[in-house]
Every structure is written in C-alpha cells, then in structure tokens.
Amino acid sequence: MAGFARDYAEGETVPRHTHDRAQLLYAITGIMRVTTDAALFTLPPARALWLPAGLPHAVAMPRGLAMRALFLRADAAHAGPAHPAVLSVSALLRELILAACAEPMEWDEKGRGGHLAALILEEIARAPTLPLAVPQPRDPRLRRLVAALATDPASPQTLETWAVEIGASPRTLRRLFHAETGMGFARWRQTLRLAEAAAMLANGTPPARAAAAVGYASAPAFGAAFRAAFGATPGAGL
C-alpha cells in the first residue's frame with residue numbers, strides 16, 4: 001500500500017488514465033467528480049471512491065480539492081469490491097488514510113506502517129457502500145448532454161430543447177438513454193440531481209439550499225425524492 005497526497009486548484013482536472021493498482025480516492029476538503037466509462041461519481045468529504053486496478057477514469061475538481069489517496073497491491077485489493085463503489089468513511093478510516101499518507105514511501109511492514117495498512121484493509125472491507133453512481137452513456141451526443149447537466153444539474157431544459165442543441169431527434173435521445181443507461185431521461189436527471197445534492201449535504205450545505213441548487217422548486221418534493229432514493233431524509237444524510 002502506498003499513500004498519495006495532493007491539493008488541486010478549483011477547476012483543475014486529471015484526464016482519463018489508469019493505474020496498475022487498486023485505488024481509494026478520498027478528499028479531506030472539496031468535492032471531486034470521477035468519471036468512468038460506465039458511471040459518474042460525485043464525492044464530498046466523508047465519502048471515498050474505490051476503483052479497481054486498470055479501470056480508466058478522469059477526475060475533476062469543481063471547487064478545489066485536498067486529495068488523499070491510497071494505492072493497493074493486488075494482494076491487498078481483495079479488501080475492496082470487485083467494481084467501482086462509493087464507500088462511507090468512518091472517523092477511524094479517515095484518520096488511518098491521513099496517517100498512511102504521512103508515512104514514508106518505504107515503510108516497515110512489521111512496524112507502524114504495516115499496522116496502519118492492516119487496519120485500513122479491515123476498515124475498507126467493513127465500509128458500507130452508497131448508491132451514488134450515475135450511469136454514463138457512450139454515445140457522443142449524450143455525453144455532451146450529460147456533461148452539461150453535471151455542470152448545471154438545475155438546468156430546466158427539456159429533452160426536446162437538448163435535441164435541437166446536440167443535433168438529434170427527441171425520439172433518438174429517448175431510445176439512446178434507455179439503451180445506454182437503463183433509464184429514461186427524467187429518471188436519469190433525477191438520479192444525477194440527487195447524487196449532486198447528497199454530495200452538497202455531506203459538505204455541509206443546508207437541505208433547502210441543496211434542493212434549489214439541483215433544480216427542485218420545493219423542499220418537500222426534494223425530501224420525498226431523497227427518501228425514495230436513499231431511505232433517509234436530507235437532514236439525516238447518508
């Protein structure tokens with residue numbers, strides 16, 4: 001296991017790339033968006049993203065980010081899921097990540113570094129997963145649409161308006177959304193909005209402000225959608 005610490009400026013990005021090792025991405029401040037070929041993940045502090053080895057992904061920092069990451073050898077990666085997943089980070093796991101990132105690159109497997117690594121693997125294996133993945137389409141036209149909505153999830157534009165902008169008929173876009181994400185446009189947009197709102201809530205944004213920021217006209221409507229999706233109220237969080 002190796003720790004990695006770096007601070008990124010607002011708006012900075014890391015282009016699509018892969019790693020030979022499994023990776024646990026965690027931010028002590030800021031929000032990051034991680035895009036794989038199959039899904040978009042928006043992560044605030046107190047959440048981490050598990051990425052298996054060899055999985056292509058890109059990272060964006062819309063508000064600046066203090067990232068702390070762990071890279072795990074194949075013999076340690078069994079502690080995490082076989083697929084990308086958002087993990088809830090306990091207070092203990094947070095402190096272990098920070099401690100591991102402060103260790104020298106060549107740490108003693110029989111000393112403090114080894115004890116930290118063993119505890120980290122236990123905590124990763126115990127960490128609850130959270131349903132915060134937003135399916136990503138492959139079609140270039142839909143990619144432009146979903147990128148724009150990720151930047152502005154409150155956008156009220158209809159699928160008909162998007163169709164004019166990206167040069168495809170509404171019928172084609174509806175068919176592609178179902179074929180490539182497994183859901184219709186309205187449901188996909190709601191999934192995106194709720195994932196973005198969950199990240200804002202975890203970052204300390206009040207529920208009413210988070211609801212307005214992602215396009216909900218009323219707090220009760222937002223609360224009902226949030227409870228239906230996550231089984232918890234916006235005030236309770238995830």
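Colleague: Where is the place of A102, and why is A102 called exposed?

Modeller: A102 is in helix 1; helices here are DSSP runs of H or I with at least four residues, strands are runs of E with at least two, and both are numbered from the N terminus. Its relative accessible area is 63%. Exposed means over 50%, buried means under 20%, and partly exposed is in between, with a 1.4 Å probe and protein chains only, so A102 counts as exposed. As for distance, A102 and L116 lie 14 residues apart in sequence and 11 Å apart from C-alpha to C-alpha.

Colleague: What should I keep in mind about the model itself?

Modeller: It is a predicted model, in which local features need pLDDT of at least 70 and side-chain atom pairs count only at pLDDT 80 or more, while totals for chains, interfaces and linings use all residues. Residues are numbered from 1 along each chain as its sequence is written, and side-chain values use heavy atoms, leaving out hydrogens and water.

Colleague: What makes E109 exposed, and which residues does E109 touch?

Modeller: The relative accessible area of E109 is 55%, so E109 is exposed. E109 sits in the loop between helix 1 and helix 2. Not counting residues up to four places away in sequence, E109 touches R73 and G114, where contact means heavy atoms within 4.5 Å.

Colleague: How do you know that the span of helix 2 agrees with its 15 residues?

Modeller: The expected span is 1.5 Å times one less than the number of residues. For helix 2 (residues 112-126) that gives 21 Å, and the end C-alpha atoms are 21 Å apart, so the two agree.

Colleague: Which residues of helix 2 are buried, and what covers them?

Modeller: The buried residues of helix 2 are G113, G114, L116, A117, I120, E123 and I124. Their cover includes strand 3 (22-30), strand 6 (47-51), strand 8 (65-72), strand 9 (85-88) and helix 1 (91-102).

Colleague: Why is V146 called buried?

Modeller: V146 has a relative accessible area of 4%, so V146 is buried. V146 belongs to helix 3 (residues 140-151). Leaving aside neighbours within four places in sequence, V146 is in contact with Q136, P137, F177 and W188.

Colleague: What is the phi of A46, and why is A46 called partly exposed?

Modeller: A46 has a positive phi of about 80°, although A46 is not a glycine. Its relative accessible area is 28%, so A46 is partly exposed. A46 lies in the loop between strand 5 (39-43) and strand 6.

Colleague: What makes R209 exposed?

Modeller: R209 has a relative accessible area of 59%, so R209 is exposed. R209 is found in helix 7 (residues 207-213). Its C-alpha atom is 9.2 Å from that of A197, which is 12 residues away along the chain.

Colleague: How do you know that the chain is as compact as a globular protein of that length?

Modeller: Let me start with its make-up: the chain has 8 helices and 11 strands. Its radius of gyration is 19 Å, close to the 18 Å that the globule rule gives for 238 residues, so the chain is as compact as a globular protein of that length. The radius is taken over C-alpha atoms, and the rule is 2.2 Å times the number of residues to the power 0.38. Those C-alpha atoms fill a box of roughly 60 × 35 × 30 Å along the principal axes. Buried residues make up 49% of the 238.
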